[in-house]
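Reader: I am new to this structure. Please take me through the ligand and its surroundings, step by step.

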Amino acid sequence: MDRRDRLIARARQGYRLAYGVEPMRFYAAPGRVNLIGEHVDYNDGFVLPCAIDRETIVAAGPPAPQTRDKLFEAVALDMGDPRSGGGASARDRFDLLAPIRPGENNWQNHVRGVVQALGRYGYRVRPMRIAIAGDVPMGAGLSSSAAFGVAVALACSDYSGLQLAPELLAKVAQLAENDFVGCACGIMDQMAAAAAQAGNALLLDCRSLDTMAVPVHKSLAITVIDTGIRRSLTESAFNQRRAECEAVAQHFEIKALRDLDYGRLLRAEPDLDHTLFRRARHVVTELDRIGPVGIALAKGNTAVLAEVMREAHLSLSEDFDVSLPPIDLLAQMIAETLGDAGGVRLTGAGFGGCLVAVANHDAAGAIEEAIARYNAEADLPARAEVFRPISGAAPIPID
Ligand code: GLA
């Protein structure tokens, strides 16, 4: 049984245990790792994430006969109440005919938020029951919540007889996070979860939502190095970073930092608060890194990846202030060991989480060696894993 089959079996069993019947359909959406373009999605910029072979699976079926007309029920198989020893499942139910209010737990808001967001786009969700299981690590910067939201959006819409385009699934899941969960995230993670193509990274214009598949050269491996340092996006300074970027855009009277030219920013340095200046410098320089990384990824040019990803990490650490000393240290140790064989940088929102390395397959030993040296001194051990770029959200055909 492979990873996905095990996950499907877990969702099926959880559904059966919760509701006493078999589910009728299954849906999946992946987590993502961002290769370049960090903290630029909410500045209308370009990003280059790729979906990873870690997913949220939703099993779905009809409502209980006695609640046929109005109830939505959900069981989350990885969100047990810690007081019950952890690992247990947690349940939710709400009335589809009444206004949907926030639930007690974060995961409930991801579900309720999606159902409500579909309503705001004019789509009615049928009464149904779902069970959700996933293996995207939580709080690691690999977008477990986008995988969760997009998988639930796909399950709710498809089961209700609606065929929504990937962009719409992504927007629904993002609206749920923005309004119900309270995280002012951009659209990158949801678009990666909804629209990625297997074997490719996804070049996304976050203003138009146009996408282009960028092949990952066959000589390259995408390794995610989990630092073990966990954070929560809502509680973190994420929303503050976004507000800072918006303040700079306002200063220049432009729609978003994507429209800011580097020369203009430099000329305005004396008039700008230094923190705001550094935030904008990260965004403007990061946007210049997308093209070179995209081309290097397709061509397998590891020397370019090494150089540009090093600059990207420094910019996140020094200008955007979303790294931490142990993460900087690990990034530096891996970069030094890799040399020209590949690049490494912090990925995702930061404040903990993961590094991503894009390097020659045969550099795996170098990465492991650097991690072993780091772990010998570190408080928390880091761990590397190679991921395969898989495709975005889809119903799972089951025979
Ligand atoms: C989180 C957000 C994304 C994006 C990244 C940083 O993953 O959900 O929208 O802003 O951080 O690039």
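Author: Start with E38. An N or O atom in the E38 side chain lies 2.6 Å from an oxygen atom of the ligand. That is a polar contact, meaning a pair of N or O atoms within 3.5 Å; within protein, one must be able to donate a hydrogen and the other to accept it, and residues adjacent in sequence count only if both atoms are side-chain atoms. D41 also brings a polar side-chain atom, 2.5 Å from an oxygen atom of the ligand. G186 uses its backbone: an N or O atom there is 2.8 Å from a ligand oxygen atom. The protein buries 98% of the 310 Å² that the ligand exposes when taken alone. These accessible areas come from the Shrake-Rupley method with a 1.4 Å probe; for residues, only the protein chains shown count as cover.

A word on the source. This is a predicted model, where local features need pLDDT of at least 70, side-chain atom pairs count only at pLDDT 80 or more, and totals for chains, interfaces and linings use all residues. Residues are numbered from 1 along each chain as its sequence is written, and side-chain values use heavy atoms, leaving out hydrogens and water.

Now the whole shell. The ligand is surrounded by 12 residues, and the closest are E38, H39, D41, G186 and D189. Here a residue counts as near if one of its heavy atoms lies within 4 Å. Six of the shell residues are nonpolar, two polar and four charged. Nonpolar covers Ala, Val, Leu, Ile, Met, Phe, Trp, Tyr, Cys and Pro; charged covers Asp, Glu, Lys and Arg; the others, Gly among them, are polar.

Next, the domains. The chain is divided into domain 1 (3–214 + 391–395) and domain 2 (217–387), with bounds from an automatic or database domain assignment. Both domains give residues to the shell, so the ligand lies between them. The C-alpha centres of domain 1 and domain 2 are 26 Å apart. Across the divide, 35 residues of domain 1 are in contact with 44 residues of domain 2, where contact means heavy atoms within 4.5 Å.
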